[in-house]
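Me: I would like to learn how to read the features of a model like this one, going slowly from one term to the next. Could we begin with the structure itself on display?

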Amino acid sequence: MRAVNSSATASSATGGTAADISQSRVRHTPSGESNQPPTQPMTLAFDVTVAAVQELSPNFRRVTFGGYSLRGFGVHGETLDLRVKLMIPSLAGDGTQLPLPVFHTEQSGWYQDWLAMDPAIRGSMRTYTVRQERLDSVYPEIDVDFVMHFDAAGNGGPAANWALNARPGDALTLIGPNNRAAHCVTAETYSGIEWRPGLAQRVLLAGDETAVPAISAILESLPSYISGHAFLEVPEPGDFLDLRSDADVEITWLARGALIGRSRPHGELLQEAVRTAVPEPGWVGIKAAGGGAGPEPDDVNVDQDILWETPARMDAAMIGAGKNPDKPAGALPFYAWIAGEAGTVKELRRYLVRDVGMDRKQVAFMGYWRQGKAEL
């Protein structure tokens, strides 16, 4: 691992997809048996309590959740960029937390039932990455890193406000993968993990502060033969964290410089870094006669729709229209994972697909959040 720090001295909670809360069920049929056992829900609601709170940096706070219920939580293998839903309690008029409703995730209509509740009492749903897990411990725990984003008046979203005041013993509900379902042979149907590099030995990871936990967890999982670049854009140099990886990946921190009054626009440093690391024309594609290395990607209105395009979610028509229709997504030598603010991700998607000519099966684009737009 090679680390590079970069601070900007010149001149807003992670998202997910509706598939994260789908009620897909899997059947696990042991070899040699003809009768299938009852199906398992892919996701469950886990009642947890805060075990510890740690200040990682000016803008990152780690909350450790524990609970015996987590014995049923998990996926097959590394958690990587695993997403979970945190159910943040609503506040009463006196500032005390209201009790959360019971989440019957084993029932197909639980999410619609939750949406139909009074927003003032049902709580808020926010998507976060599992940064680390200790599920094999006597008392299972997981770590979740929160971005502590507040405006000039000190106002934050429900999750940041909750994390700011979190104390050991506080109760919360998280919705995540059912261990029994995730360990079945069809475990990859669980939609909470997007990192799927296949046979790639060179990778690119790029994201803003909301993607730092996921990129950090991915880097820790990489073997030594993987090379490439990881770019992480954060508000200030104090947010540069100590990351470890066995891979030969150059890690570059990019600070917008918010504390010195000359902050660079969100995503600008990230775009510059990716364009430098993956120049066009022709780095992974061949320049076309018409001036572009690849086709113009489908336009996505990031103010109305979620930008979420990953190889695992591509349909047959999209795969067939790619540069390597005869090769599956996991058979290509290069893989990129891009996440963060949707407007920035959209620009990087256009650059990598159209200008550089990357096969869309080589890259995962994920708009975790959109400036000015909140989750429910």
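Reply: Let us start with burial: a residue is buried under 20% relative accessible area, exposed over 50% and partly exposed in between, using a 1.4 Å probe and protein chains only. Leu80 has 16% relative accessibility and therefore counts as buried; Leu80 is found in the loop between β5 and β6 (83-88), and has a positive phi of about 50° although it is not a glycine. This is a predicted model, in which local features need pLDDT of at least 70 and side-chain atom pairs count only at pLDDT 80 or more, while totals for chains, interfaces and linings use all residues. Residues are numbered from 1 along each chain as its sequence is written, and side-chain values use heavy atoms, with hydrogens and water left out.

Me: What does the chain average in pLDDT, and over which residues does pLDDT stay under 50?

Reply: pLDDT is the predictor's confidence in each residue, from 0 to 100. The chain averages 82, and 75% of the residues score at least 70. Residues 7-13 stay under 50, and the model has 27 contacts for them beyond four places in sequence, where contact means heavy atoms within 4.5 Å. Residues 22-37 are also below 50, with 32 contacts in the model beyond near neighbours in sequence.

Me: How is a pair of aromatic rings described?

Reply: It is described by the distance of the centres and the angle of the planes. Rings of Phe, Tyr and Trp (its six-membered ring) pair if their centres lie within 6.5 Å, and planes under 30 degrees apart count as stacked, over 60 as edge-to-face and the rest as tilted. The structure holds eleven aromatic pairs. One of them joins Tyr128 and Phe146, whose centres are 4.6 Å apart with the planes at 40°, so the pair is tilted. Tyr128 belongs to strand β7 (residues 124-134) and Phe146 to strand β8 (residues 141-147), 18 residues apart; helices (H or I, at least four residues) and strands (E, at least two) are DSSP runs, numbered from the N terminus. Tyr128 is buried at 4%, as is Phe146 at 0%.

Me: Which pair is edge-to-face, and why?

Reply: Trp337 and Tyr368 have ring centres 6.3 Å apart and planes at 85°, so the pair is edge-to-face. Trp337 is in strand β14 (residues 334-341) and Tyr368 in strand β15 (residues 363-369), so this pair ties together parts 31 residues apart in sequence.
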